[in-house]
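Please open the model in your viewer and keep the selection tool at hand.

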Amino acid sequence: IRCWSNIPFITMPLSRAHGKSFAHRSELKHAKRIVVKLGSAVVTRGDECGLALGRLASIVEQVSMLQNQGREMMIVTSGAVAFGKQRLRHEILLSQSVRQALHSGQSQLKDMAIPVLEARACAAAGQSGLMALYEAMFTQYSICAAQILVTNLDFHDEQKRRNLNGTLHELLRMNIVPIINTNDAVVPPPEPNSDLQGVNVISVKDNDSLAARLAVEMKTDLLIVLSDVEGLFDSPPGSDDAKLIDIFYPGDQQSVTFGTKSRVGMGGMEAKVKAALWALQGGTSVVIANGTHPKISGHVITDIVEGKKVGTFFSEVKPAGPTVEQQAEMARAGGRTLAALQPEQRAEIIYRLADLLTDQREEILLANKKDLEEAENKGRLALPFLKRLSLSTSKLNSLAIGLRQIAASSQDSVGRVIRRTRIAKDLDLEQVTVPIGVLLVIFESRPDCLPQVSALAIASGNGLLLKGGKEAAHSNQILHHLTQEALSIHGVRDAVQLVNTREEVEDLCRLDKLIDLIIPRGSSQLVRNIQKAAKGIPVMGHSEGICHVYVDTDASVEKVTRIIRDSKCEYPAACNALETLLIHRDLLRTPLFDQIIDMLRVEQVKIHAGPKFASYLTFSPSEVKSLRTEYGDLECCIEVVDSVQEAVEHIHKYGSSHTDVIITENEKTAEFFLQHVDSACVFWNASTRFSDGYRFGLGAEVGISTSRIHARGPVGIEGLLTTKWLLRGDNHVVSDFSEHGSMKYLHESLPLPQRNAS
């Protein structure tokens, strides 16, 4: 425990031997010693006169937070010239205005011209003010900062270099943040970066080379270079085909075209890359990122240290497989080829996958056994978890049956005409079904999800990215291999991709230019996290499954206990399991009510009493903390209502629009419930557990959606399709349909083509 200003906090156990850079972003959280280089464009305002104070304050806050975690932070900063320029302009304007007011009168003030200011003079005037600003900002976090000005000679003179090294180490030992800058008041004019490619030497010509030199000298774990662009692009940013490079490897320079340098500062992106590669060779990891974007600058440094996909990460370790961006592009290209196949060919792929699930049963179960053994070794023995993770012969047989259902029902899914309109003579319009594009399906410990979702994507002609939980890695690997084997029979192997890299789910959710729809399959917490993290990509799913069963006064005694038992006890961890049981008030203290309670006790279901139910009891079960609780276990809430109308109102107030049930023999009451409950699935005298794609005859589902746009309830093939409009004309132009034109709109509905009888 360390203390600053009498406030104790726990420091992070950070330590690693220097000498080799981190291989993956996920390892950056172990960085102990970090250099943050602030480019001129980051520190200065858009008019280049003065500092971007809000941005600078945010950077200081992030550096302070990391410093107070026990890391050793150093800042290489620009900004002295811009700050000095602001001060000198103010002084010149003030002196000119006084002089002209005395000699020429106020009328000539508007003609004042500001002379060109020499950069060294600006640096001399701005350096003290810049440091005073840093000191004031760091003081807010009880952190001391110290200024060090250096030149190239300080690194070439052995004695000065040792002195600099010793000073920096002593400052870090005392928990002081060193703020380093080139002494721009005395530096010579910039020269070409001719020696940046040297392995053992780098000249300090700008703050990029200074940061790289300093990082290597101080055996720094991480160098963060902040500029005014998102990172390194494969061509100049702003050009049509420019793509942000996520990971840059030594030797990749040949594939990059560099543009001009930033609006201020001395180093362009080429200088940054050369400096970064030099630091990388010295054992320091490097990330180049945008420090000016208003949406990310407030957390860009901490995001990088947490291993999030921000900017360009420089790594010496090139992965064996493609990057996730490349996989997404492969999935899109493969999906388009898949969509262009004949329906029979897509069905043939799914039939082949169904056969492989049974033919390769032994290999699949062997891989699954490895996952179960690893889970056991890690102490993950919770029964619901193991049930989700385990595969069996019967599960594989059920999967194969479901896949064959999908194949049989997919014959006319893609390219189906759903509307035909004759706009005018020889001008016909069609609305046809088409795939959504590239789907990202994120699923936890359920390997059986992989072939189900793959089959639905194949049937609907969508490219697919799969991100499974690492607890099912062996099972997912063989199931994906079999999926690609099935796809290979028609040359579309790449349409389904399994993400095996160390991508964080949050990073995947930011690929809005590559992914069209995200479908989470897992816990409500997973779904909520993905909905929060998704940046511009729609998320199909539900965050909670708070399902209700309402027992009406006219309910059948025989049906009530069967339906409630199945809804709650058949699989309590499922999203379609009963969570709240609503009882009509007239049923309290009746034999039917006693039977319900006895059945729940026999099944070892823990009962929580709703507020109204508790008020009727002398000794009640524990009162529920919230009526919006998804237990996911052998627990449920019981609440009392006075009517079917009140049951509907309760469901609307506390439910999650998933699945809700009424048990009654009164058809009028049942129809009122069915029509008025606004949920994805509303049932009469049937278990909540029927809310499932397989049980609905969809073959399988990618998930259950509670959203109100596009797809709702169990989502099968239809939910993975959108539409496009096809207009076939013959030299038609809109001007022909004007008031004095020669043509008139008809807007006649045309018959649809016959659907496949199968």
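This is a predicted model: local features need pLDDT of at least 70, side-chain atom pairs count only at pLDDT 80 or more; totals for chains, interfaces and linings use all residues.

Is R416 buried or exposed? R416 has a relative accessible area of 14%; because buried means under 20%, R416 counts as buried.

**First stop: the surroundings of R416**

R416 is placed in the loop between α14 and β11 (417-424). Next, display its side chain together with D412 and E718. A polar atom of the R416 side chain lies 3.5 Å from the backbone oxygen of D412. The R416 side chain also makes a polar contact, at 3.3 Å, with the side chain of E718. Although R416 and E430 are 14 residues apart along the chain, their C-alpha atoms are separated by 9.9 Å.

**Second stop: helix α14**

Select residues 393-409, which form helix α14. How far apart are the end C-alpha atoms of this helix? They are 25 Å apart; at 1.5 Å a residue, the 17 residues should span 24 Å, so the two values agree.

Now colour the buried residues of α14: L396, L399, A400, G402, L403, I406 and A407. They cover an arc of only 165° around the axis, which means that they are on the same side of α14.

The largest cavity has a volume of about 40 Å³. To locate this cavity, select its lining residues: F155, R161, L164, N165, L168, L214, E217 and M218. Two helices, α6 (158-173) and α7 (207-217), each supply at least two residues of the lining. The largest share, 4 residues, comes from α6.

Finally, select S657, in the loop between α22 (644-654) and β21 (659-663). S657 is buried, with a relative accessible area of 17%. Which residues does S657 touch, not counting those up to four places away in sequence? Display D678, S679, A680, T706, R708 and R712, which are the residues that S657 touches on that basis.

Key: Residues are numbered from 1 along each chain as its sequence is written. Side-chain values use heavy atoms; hydrogens and water are left out. The expected span of a helix is 1.5 Å times one less than its number of residues. Buried means under 20% relative accessible area, exposed over 50%, partly exposed in between (1.4 Å probe, protein chains only). The arc is that of the directions from the helix axis to the C-beta atoms. A polar contact is a pair of N or O atoms within 3.5 Å; within protein, one must be able to donate a hydrogen and the other to accept it, and residues adjacent in sequence count only if both atoms are side-chain atoms. On a 1 Å grid over the protein atoms alone, a cavity is a set of points where a 1.4 Å probe fits but cannot get out, and a pocket is an open set with protein on both sides within 12 Å along at least five of seven lines; lining residues have an atom within 4 Å of a point. Grid points are joined across faces, edges and corners, and a volume is the space filled by probe spheres set on the points. Contact means heavy atoms within 4.5 Å.
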